[in-house]
Amino acid sequence: MPAIRILLGGVATTVRDAVLRAVKEQVDLEVVGVAADPWELLQAAGALAADVVVVPAPAGGLPGVATHLLDQYPGIRVLAVTGAGTAVSYRLRPQLVEVAWATPAELAAAIRADDEADR
């Protein structure tokens, strides 16, 4: 079974490090790239065939780039994370799931959540 391909987009260093720790020893998860700005993120999501894109969550809303990612790549999942250890998962189908994570294992589970249901 191929690994879930993860792209990091403009997240804080603490969040990036948390994701890297979460996937470090997971054979089914792979960080395929890091994009600094929204334009680069949109390009990289397609070029790198990302399954999950991790982006920062703005206070009280959907990250603007999430809408563009979901429009351009209907199969992609956007995981919007906060520095406080929570994340919101977005898919094109009507689904908004809030997840809490505090450990690398919980973050890895949040990254896998939708993908496992699709397989």
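With which residue does Arg5 form a salt bridge, and how far apart are the closest N and O atoms? In this predicted model, the partner of Arg5 is Glu30, and the closest N and O atoms of the two residues are 3.7 Å apart.

Side chains of opposite charge can pair when their charged atoms come close. A further salt bridge joins the side chains of Asp28 and Arg112, with an N to O distance of 2.5 Å. This pair links distant parts of the chain, since Asp28 is located in the loop between α1 and β2 whereas Arg112 is located in helix α4 (residues 104-118), 84 residues away. The two partners fall into separate accessibility classes. Asp28 is partly exposed, with a relative accessible area of 25%, while Arg112 counts as buried at 13% relative accessibility, because the cut-off for a buried residue is under 20%.

The remaining salt bridge is formed by Asp17 and Arg16, whose closest N and O atoms are 3.6 Å apart. Asp17 is partly exposed at 31% relative accessibility; Arg16 is likewise partly exposed, with a relative accessible area of 28%.

Helix α1 comprises residues 13-23, and its buried residues are Val15, Ala18, Val19, Ala22 and Val23. These residues cover an arc of only 120 degrees around the axis, and they therefore lie on the same side of α1. An α-helix has 3.6 residues a turn, so residues three or four places apart point the same way. Thr14 and Arg21, by contrast, are exposed and are carried on the face of α1 turned away from its buried side.

The phi angle of Ala49 is near 50 degrees, a positive value in a residue other than glycine. Most residues other than glycine have a negative phi. With a relative accessible area of 44%, Ala49 is partly exposed.

Notes:
Residues are numbered from 1 along each chain as its sequence is written. This is a predicted model: local features need pLDDT of at least 70, side-chain atom pairs count only at pLDDT 80 or more; totals for chains, interfaces and linings use all residues. Side-chain values use heavy atoms; hydrogens and water are left out. Buried means under 20% relative accessible area, exposed over 50%, partly exposed in between (1.4 Å probe, protein chains only). Helices (H or I, at least four residues) and strands (E, at least two) are DSSP runs, numbered from the N terminus. The arc is that of the directions from the helix axis to the C-beta atoms. A salt bridge is a side-chain nitrogen of Lys or Arg within 4 Å of a carboxyl oxygen of Asp or Glu.
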